[in-house]
Amino acid sequence: LRDLLEIAESYSVTVDAGRATFTDDLERALVFTLNGRKEKHRLAATEFEARSTWDGVRLTLNIEAYGGFRMSQVFQPSEDGQSLFVAMVVQKPTFTPPIKNVTRVYRRAAASSTPANLNASARSRHLLQRPH
């Protein structure tokens, strides 16, 4: 379960019609279908199921894994679109000492001056903006 709890140094986030793709600093990509149904995933050595739902501008992942492990992750952009807040809560099992709720903050990387990056930045001004 370590893979689900480790801290990614960075994320690249892409949201398109019906999907959100998270690619971490190790180039591991997870694609979540945004329909609220359970899906099977694998992150390194950890297999898990996730249900992803939108709540306003927040994306919530409810995760279940081996041995009754359950946790939720909430991804929420800042109002200015320059930060992404990731809140993690482990619901089960109960650990001793307990795992505290975790909030991580990711800042948007500085954009390059190349037209392609400027265009990409303008298209994705709001992190995790729900597609229409």
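Predicted model: local features only at pLDDT ≥ 70, side-chain atom pairs only at ≥ 80, totals over all residues.

Q: In the open sheet of 6 strands, which strands stand at the edges?
A: Strands here are DSSP runs of E with at least two residues, helices are runs of H or I with at least four, and both are numbered from the N terminus. Two strands pair if DSSP finds at least two bridges between them. The order is β4-β5-β6-β7-β8-β9, with antiparallel pairing. One side of each edge strand has no neighbour in the sheet, because each has a single partner strand: these are β4 (38-43) and β9 (102-107).

Q: Which residues make up the covered face of β5?
A: In a regular strand the side chains alternate between the two faces of the sheet. The uncovered face of β5 has Glu47, Glu49, Arg51, Thr53 and Asp55. That leaves, on the covered face, Thr46, Phe48, Ala50, Ser52 and Trp54.

Q: How many bridges join β5 to β6?
A: These two strands form a hairpin with 2 residues between them, and Gly56 in the turn has a positive phi of about 70°. Within the pair, Glu49 stands opposite Glu64 in β6. β5 and β6 run antiparallel, and the number of bridges joining them is 8.

Q: How many residues does the largest nonpolar core have?
A: A nonpolar core is a set of buried Ala, Val, Leu, Ile, Met, Phe, Trp, Tyr and Cys residues joined through side-chain atoms within 4.5 Å. Residues with the most contacts inside the largest one include Leu4, Phe48 and Ile63. Elements giving two or more residues to this core include β2 (19-24), β3 (29-33) and β7 (69-77). The count for the largest core is 23 residues.

Q: Is Phe69 buried or exposed?
A: Phe69 lies in strand β7, and its contacts (heavy atoms within 4.5 Å) beyond four places in sequence include Leu1, Ile63 and Val90. Buried means under 20% relative accessible area, exposed over 50%, partly exposed in between, using a 1.4 Å probe and protein chains only. At 1% relative accessibility, Phe69 is therefore buried.

Q: How far apart are the C-alpha atoms of Phe69 and Leu1?
A: Along the chain, Phe69 and Leu1 are 68 residues apart.

Q: In the open sheet of 3 strands, which strands stand at the edges?
A: The order is β1-β2-β3, with antiparallel pairing. β1 and β2 pair over 6 bridges, with Ser12 opposite Thr23 in β2. One side of each edge strand is left without a neighbour in the sheet, because each has a single partner strand: these are β1 (11-16) and β3.

How values were computed:
Residues numbered from 1 in each chain as written. Heavy atoms only, no water.
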